[in-house]
Amino acid sequence: MEKHKQVITNRVAFLDKKVPFYASFLGIAGLLLLWELISRLGIVSPLFLPSPSSIIITGWEMLISGEIYGNLTASLYRIVIGYAIGAAFGILIGLILGFFKLADAIGTPIVYSIYPIPKIALLPLFILWLGIGELSKVTIIALGVFFPVVINTFSGVKNVDPMLVKAAVTFGSNRVNVIRKVILPGSLPMIFAGLKLAAGTSLLLLVSAEMIAAQQGIGSMVLHYGNLMITSKLMVGVLILSLLGLTFNRGLKWLETKLIPWK
Amino acid sequence: MNIVIENVGKKFTDSKKNEVTALENINFSIKEEEFVVLVGPSGCGKSTLLNIVGGLMSPTSGSVYFEGIEKKTPNLGIVFQEIALLPWRTVYENVIYGLEERGIGKKEQKEIGNYYIDMVGLSEFKDAFPKQLSGGMKQRAGIARALAVEPDLLLMDEPFSALDAQTRTLMQEELLTIWNRTKLSTLYVTHNIQEAVYLADRVIVLSRHPGQIKRIINIDLPKTGRNEDKYREKSNQYADEIWQLIRHDAQEALKE
């Protein structure tokens with residue numbers, strides 16, 4: 001008698017299929033190539049879309065002339081200070097709201113009622129209050145960073161396993177040490193989620209604020225060259241912003257792996 | 001020194017605003033170097049009682065106190081069912097947590113910490129994070145953390161219930177070995193009858209609705225080697241006696 005063989009194969013093999021590492025570069029490279037080609041063939045006028053190579057060359061010239069340096073330092077100054085202030089207050093207030101029931105009852109409704117306001121709408125008000133200088137721009141960035149951080153920190157605190165608090169208290173922790181040694185490290189993953197979210201917001205507010213009221217900065221530079229219709233210089237500004245965002249995110253990720261090695 | 005549990009009762013209000021009596025009229029004491037096991041069906045309030053003794057919950061009536069103790073505040077060590085190691089601390093840092101909070105010097109922390117880590121056999125994993133450990137190893141770290149504070153009373157809340165059966169058997173043996181070295185007054189909660197008979201000097205059987213003491217059984221067997229053949233029959237008798245006490249309640253618990 002002949003035996004029929006039916007081999008069972010793994011039908012979910014597609015779940016752990018590997019993709020070669022260079023695949024992620026292929027997409028970007030392909031897009032740049034296509035863009036360069038379109039510009040070179042003159043399908044789109046360089047006034048509307050300069051080629052990638054001409055953007056790079058313009059960028060190099062602006063770097064040498066010191067134009068980028070001046071604008072970039074002005075922007076970095078605003079975003080670093082604004083972000084630091086917003087993040088610090090966000091974490092602090094978030095911890096307090098999360099840990100103390102009374103603060104939660106009083107503070108949380110306030111936070112949630114201000115949170116939905118698009119922060120850039122407050123810039124005219126801040127200019128009125130604080131003048132057109134650096135302070136109003138730093139404040140608006142700090143405020144934009146504060147909210148995502150405070151809300152994430154708050155829910156991070158709420159998500160800390162109460163068993164860990166009980167264990168800490170059992171082994172002698174007082175309230176301050178419970179916050180310092182249990183609540184803070186326990187909510188770090190959520191805090192970082194908030195910090196990453198805030199990175200995007202801070203960049204958006206930086207550019208908007210600079211477009212509305214600034215002499216220097218990447219945002220005002222982009223607007224300036226837009227008005228003059230010097231598209232390649234405008235695109236250099238956009239490129240710098242994209243690099244800035246990328247560096248920001250990478251930096252936060254690096255910090256995260258440093259601070260949360262136990263995850 | 002005695003730990004006295006006097007007239008302890010606990011009432012809860014459930015989500016439908018009904019009053020539920022979890023514990024009623026609990027009276028017993030734990031003597032120095034005594035290993036007391038609380039056993040009962042699910043929902044008998046045994047974990048509630050342990051939480052009250054551990055100072056993590058207040059009783060509705062009655063009180064728990066230490067008798068004949070010199071120090072102001074007695075030291076407690078708790079081993080949790082959920083283990084509850086801080087995930088961001090290494091095994092060593094978790095074990096010395098209680099010492100750190102008591103303001104003991106770094107050098108002494110190291111001595112005591114290493115001593116108890118060695119006792120539970122985790123020396124090689126001192127610097128590992130809890131995430132990197134197996135369930136059995138995690139709970140060993142939990143035990144070392146509780147022992148490190150050199151407690152006046154050691155509380156254990158179903159410490160091995162999350163472990164697989166083989167690991168649990170080994171851990172029970174290890175626990176006895178450790179206990180024989182430290183001889184700490186211990187209150188141990190479990191729903192596992194064999195475990196209770198294997199470990200206890202005295203077994204306190206609880207009933208449910210309300211949680212009351214049904215019987216206190218002295219286990220009249222030598223502390224070590226209870227799993228040897230010559231004691232098997234006696235052990236089984238104890239286990240059977242406890243099972244008969246609990247059986248009806250356990251069946252009722254199933255229906256809920």
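Let's start with a helix pair: in chain B, the axes of helix H5 (residues 135–148) and helix H6 (residues 165–182) come within 11 Å of each other and cross at roughly 20°. Keep in mind that this is a predicted model. Angles under 35 degrees count as roughly parallel, and H5(B) and H6(B) are therefore roughly parallel to each other. As for handedness, H5(B) makes a right-handed crossing as it passes H6(B).

Which residues do the meeting? From H5(B) come B:Gly135, B:Gly136, B:Gln139 and B:Leu147, and they meet B:Thr167, B:Met171 and B:Thr182 of H6(B). Sorted by class, the residues of this contact are two nonpolar and five polar, with no charged ones.

Now for the sheet. Chain B has an open sheet of three strands, ordered S2-S1-S4, and the pairing is antiparallel. Strand S2 (19–30) and strand S4 (61–67) of chain B are the edge strands, each pairing on one side only. From one strand to the next, the twist averages 15°. Strand S1 (residues 2–13) of chain B runs antiparallel to S2(B), and eight bridges join the two. Along that pairing, B:Val8 stands opposite B:Ile26 in S2(B). Helix H1 (residues 46–53) of chain B packs on the sheet and touches S1, S2 and S4 of chain B, with its direction at about 120° to that of S1(B).

On to the domains. The assignment for chain B gives domain 1 (2–74 + 152–254) and domain 2 (87–151). Taken over C-alpha atoms, the centres of these two domains of chain B are 25 Å apart. Twelve residues of domain 1 of chain B are in contact with nine residues of domain 2 of chain B. On the domain 1 side, strand S6 (153–157) and H6 of chain B each supply at least two residues, and H6(B) has the largest share, with four residues.

Chain B also meets chain A: 18 residues of chain B are in contact with twelve residues of chain A. Strand S5 (76–79) and helix H3 (97–101) of chain B each bring at least two residues to the side that touches chain A. H3(B) gives the most to that side, with three residues.

Here is how the two contact sides divide by residue class:

| Side | Nonpolar | Polar | Charged |
|---|---|---|---|
| Domain 1 of chain B, touching domain 2 of chain B | nine residues | two residues | one residue |

Conventions:
Residues are numbered from 1 along each chain as its sequence is written. Chains are lettered from A and ligands numbered from 1 in the order in which they are written. This is a predicted model: local features need pLDDT of at least 70, side-chain atom pairs count only at pLDDT 80 or more; totals for chains, interfaces and linings use all residues. Axes are lines fitted to C-alpha atoms, for helices over the stretch in contact, and angles run from 0 to 180 degrees between N-to-C directions. Angles under 35 degrees count as roughly parallel, over 145 as roughly antiparallel, 65 to 115 as roughly perpendicular and the rest as oblique. A crossing is left-handed if the near helix is turned anticlockwise from the far one by less than a right angle, and right-handed if clockwise. Two residues are in contact if their C-beta atoms, placed from the backbone, lie within 7 Å. Ala, Val, Leu, Ile, Met, Phe, Trp, Tyr, Cys and Pro count as nonpolar, Asp, Glu, Lys and Arg as charged, and the others, Gly among them, as polar. Two strands pair if DSSP finds at least two bridges between them. Domain bounds come from an automatic or database domain assignment.
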